[in-house]
Amino acid sequence: MSAPLSTSELLRWAAGKPSGSTQEDLDALCARVDFTLTARDVLRSGTPAEKTTALRALRELATPDAYALARLALHDEAAPVRAMAARALARSRDGADWQGLQEALNDAEPSVQLAAMDSLARRDSTAASALFRERFERAPEVEKRNALATAQRLRLPEAESLARLGLASSEAITRAAAVALLAREGEATEGLLVQALTDAADVVRLEALRALSRRPRVPASVFVPLLSASSTAQVREQALQTLVLRGDTSACEPVVRLLEAPESSLRRRAILATGELGCTGATDSLLKMLARTRDEDERADLVTALGRLGGPEAWEALRRELSDAAPRVRRAAVSAWASDAAPQDATPVLMARLRDDPDAEVRMAIALALANSSQQVGHRALLLALEDTAPEVRRMAVRTLGRDSSPEALQALRAHQATERDSVVLRELATALEQLQGAAANLTQAASPAERHLFDPARTGQSVAEWLTSPERHPATERVYFYEGGHLEHLDTASRLHVFQYTAIGDHLHLRPEGAPERSTAFTVTPAPPASNDVPRSFRLELTRDVLTGADAPRTLYFRQPTEADSGRGDSH
């Protein structure tokens, strides 16, 4: 049986771990009665890694002896050791340690200086604020930026006065740091942020733009001048995005001028902005661009914008774009024709394209669009898709029909099973039929009280609901469909389809992507009262984690309760 490690051996082992020492390692060191003596020896002759590990444990120990050792380590030749020593003194109340940290502000290494500022601010935020301000005007630029960053991170008192000093710096990156600090303050700083929009440096103007875009009281007129040719493309793009988020139609005229911008990314943003803002005066310009440009991405954006703006000339052009040579453009046209604003002959137009389009992904997008219109139209489209030459289209049709609990869907799938020859589609058919038959057997059983039907929060009785990332951008926004029976489809803005199985139990949503681990998140469904008797109720579905993409960020989706006019529109096509 091997002998236990000595304290010095334990420290060297923890310092040498490839993944770094853990809290458990530090606790084990602090528990050794001879740790302080061992740390003293290591700080004299150990490696930088051993010294920083010892200082991390001394920070946990937080005794007078530990602080005394950390104070000595402020003069180590290695910058990482000096920085860790400064952090180890954050909880000390000894005046000598305050003085040592203050002297560390003169360290030539920025990381040591920043660590000293952090510890000073944590010890006494008011005194630290006064110290940073007193040193600011004569400090090097890197110290100014460290002071601004510390004030922002720890919300130091009188941060605004420190930011004002930063705005006078000769270096743009320091002024940008000052603007970032002002952005954390209240309405009193809005004047300074607006003034920063006139700064000569892009980095400063962009920081001010980002800050002001989140302040609803700032008028849109503040951002419109930034769309002029005197601004760089990056600034104009950010200003354009800010105006779109505000939905201010007064920006339409300068936005239309950006359609002639030489930068492709700026033109594309301007194209989409005309549709998002409802700039009906831009239709003629968009049609001319559509007639002359050959860039597929730009043409798809033009189609999307024209679909939002509508009008006889726009729909005439969009009818032609359903036959465009580029599948991406045709998919954009399909989305436009599937919108509520499309002409009354939208259904026969899309049905014709479902039969004739040469691209399987486009035909799939058409079938899905029609399937989400009305039951009668959707059933016809899916029956047509079942006879498609591409197995992936037939597979989609099988899946979609498998979520329809009607006898017609069951009959269609049973009939198709006799003629299907593709093995993958046959497996999908077997699964769909098993689910439909299981659903029929369970019709008489009461649903579990713990399970919610996310697809029908308003109890409308529908079998599927469409949730949108951004309702005002329908149909170009991302869409999510919750189907009865635990099937979910996520259609992104590029018309790519992502399929999941889902369950919603209590306040948690569980998704199972194909061939990937399960994802889960807490969720809430919040109803919004109607603005009038004529406006349908809307709902917000707030996901704590974006399980659709696997990101850790939250995600909000929106649902509008259909009216009788919505549900009846597709049947008349």
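What follows is a short tour of one predicted protein model, from the whole chain down to a few single residues. Because the model is predicted, local features are used only at pLDDT of at least 70 and side-chain atom pairs only at pLDDT 80 or more, while totals for chains, interfaces and linings use all residues. Residues are numbered from 1 along each chain as its sequence is written, and side-chain values use heavy atoms, with hydrogens and water left out.

Starting with the big picture, the protein has 28 helices and eight strands. These are DSSP runs numbered from the N terminus, with helices being H or I of at least four residues and strands being E of at least two. Of the 573 residues, 48% count as buried. Here buried means under 20% relative accessible area, exposed means over 50%, and partly exposed is in between (1.4 Å probe, protein chains only). A contact is a case of heavy atoms within 4.5 Å. Among the contacts with a separation of 6 or more, 54% come from residues 24 or more positions apart.

Next comes a pair of helices. Helix 1 (residues 7-16) packs on helix 4 (residues 48-61) at an angle of about 105 degrees, and their axes are 9 Å apart. The axes are lines fitted to C-alpha atoms, for helices over the stretch in contact, and angles run from 0 to 180 degrees between N-to-C directions. Helix 1 and helix 4 are therefore roughly perpendicular, a label for angles of 65 to 115 degrees; under 35 is roughly parallel, over 145 roughly antiparallel, and the rest oblique. On the helix 1 side, the meeting residues are Leu11, Arg12, Ala14 and Ala15, and on the helix 4 side they are Ala49, Glu50, Thr53 and Ala54. Sorted by type, the residues of this contact are five nonpolar, one polar and two charged. In this sorting, Ala, Val, Leu, Ile, Met, Phe, Trp, Tyr, Cys and Pro count as nonpolar, Asp, Glu, Lys and Arg as charged, and the others, Gly among them, as polar.

In helix 2 (residues 23-30), Asp25, Leu26 and Leu29 are buried. They span an arc of only 100 degrees around the axis, so they lie on the same side of helix 2. The arc is that of the directions from the helix axis to the C-beta atoms. The buried residues of helix 2 pack against helix 1, helix 3 (35-45) and helix 4. Helix 7 (residues 95-104) has Asp97, Trp98, Gly100, Leu101 and Ala104 buried. Their arc is only 160 degrees, which puts them on the same side of helix 7. Their packing partners are helix 5 (64-73), helix 6 (79-88), helix 8 (110-123) and helix 9 (125-136).

Finally, a few single residues. Arg82 sits in helix 6 and is buried, with a relative accessible area of 13%. A polar atom of the Arg82 side chain lies 3.2 Å from the backbone oxygen of Glu77. Leaving out residues up to four places away in sequence, Arg82 touches Ala73, Leu74, His75, Asp76, Glu77, Asp107, Glu109 and Val112. Ala62, in the loop between helix 4 and helix 5, has a positive phi of about 55 degrees although it is not a glycine. Ala62 is partly exposed, at 28% relative accessible area.

Note on methods:
Polar contact = N/O pair within 3.5 Å; in protein donor to acceptor, adjacent residues only side chain to side chain.
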